[in-house]
Amino acid sequence: AAPARFRELILEAFHYSKIKKRSMDFFHTMISDPDSVGERAAAALERDHGAGWRGVLERNAAAWIEIAKTGPGDLYDGKLSELKPPVLFIDGERDPRTEPGDLEAVRRALPCAEMRMIEGAGHSPHSEPAHAAECTRLASDFLRRAAGP
């Protein structure tokens with residue numbers, strides 16, 4: 001809505017497609033069995049959202065299912081290319097929520113954006129103990145370069 005609002009942007013585990021075919025089973029499971037996220041994720045969700053964390057997961061999954069019903073296309077209605085500030089995309093090479101073709105579509109929309117893949121990382125590199133330092137390093141380096149001399 002305001003492409004010039006920011007001086008720079010860092011986007012991690014970026015969602016692009018409205019229809020997330022590879023994630024639909026995941027979303028339905030989050031609604032029917034939110035405890036299936038595992039102990040580590042459940043503990044983080046409870047820390048961040050309190051005892052109602054299961055409802056947070058259910059609402060998030062339901063929202064993605066509703067978004068998919070709006071049809072194909074990108075979440076930004078073709079306006080991603082209007083972003084003016086320097087942009088860094090950070091994604092995990094093993095991110096199961098990234099749809100095939102999404103990163104290529106982002107590259108076409110924002111050819112000047114920096115794209116960094118963290119080898120072995122999943123959907124949330126900044127919160128993965130094995131990858132958090134690399135994610136922070138990439139973000140810090142980008143911000144330093146964007147700030148200039």
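The legends below describe several close-up views of one predicted model.

The model is predicted: local features need pLDDT of at least 70, side-chain atom pairs count only at pLDDT 80 or more, and totals for chains, interfaces and linings use all residues. Residues are numbered from 1 along each chain as its sequence is written, and side-chain values use heavy atoms, with hydrogens and water left out.

View 1. Helices (H or I, at least four residues) and strands (E, at least two) are DSSP runs, numbered from the N terminus. From that end, the elements follow the order β-α-α-α-β-α-β-α. The C-alpha trace spans about 50 × 35 × 25 Å along its principal axes. Of the 149 residues, 38% are buried; buried means under 20% relative accessible area, exposed over 50%, and partly exposed in between, with a 1.4 Å probe and protein chains only.

**View 2. Three strands form an open sheet in the order β1-β2-β3, with parallel pairing.** β1 (9-12) and β3 are the edge strands, each with a single partner strand, so one side of each has no neighbour in the sheet. On average, neighbouring strands are turned by 20 degrees against each other, direction ignored. Two strands pair if DSSP finds at least two bridges between them; β1 and β2 (residues 87-92) have four bridges, in the parallel sense. L9 has V87 in β2 as its bridge partner. Helix α4 packs on the sheet and touches β2 and β3, and its direction makes about 160 degrees with that of β3. Axes are lines fitted to C-alpha atoms, for helices over the stretch in contact, and angles run from 0 to 180 degrees between N-to-C directions.

View 3. A113 counts as buried because its relative accessibility is 15%. The C-alpha atoms of A113 and P86 are 6.5 Å apart, although 27 residues separate them along the chain. Leaving out residues up to four places away in sequence, A113 touches V87 and F89, where contact means heavy atoms within 4.5 Å. With that exclusion, E114 touches V87, L88, F89, F142 and R145. The side chains of E114 and R145 are joined by a polar contact of 2.4 Å. A polar contact is a pair of N or O atoms within 3.5 Å; within protein, one must be able to donate a hydrogen and the other to accept it, and residues adjacent in sequence count only if both atoms are side-chain atoms.

**View 4. A13 and D77 each have a positive phi of about 50 degrees, although A13 is not a glycine and D77 is not a glycine.** A13 lies in the loop between β1 and α1, and D77 in the loop between α3 and β2. A13 counts as buried because its relative accessibility is 8%, whereas D77, at 58%, counts as exposed.
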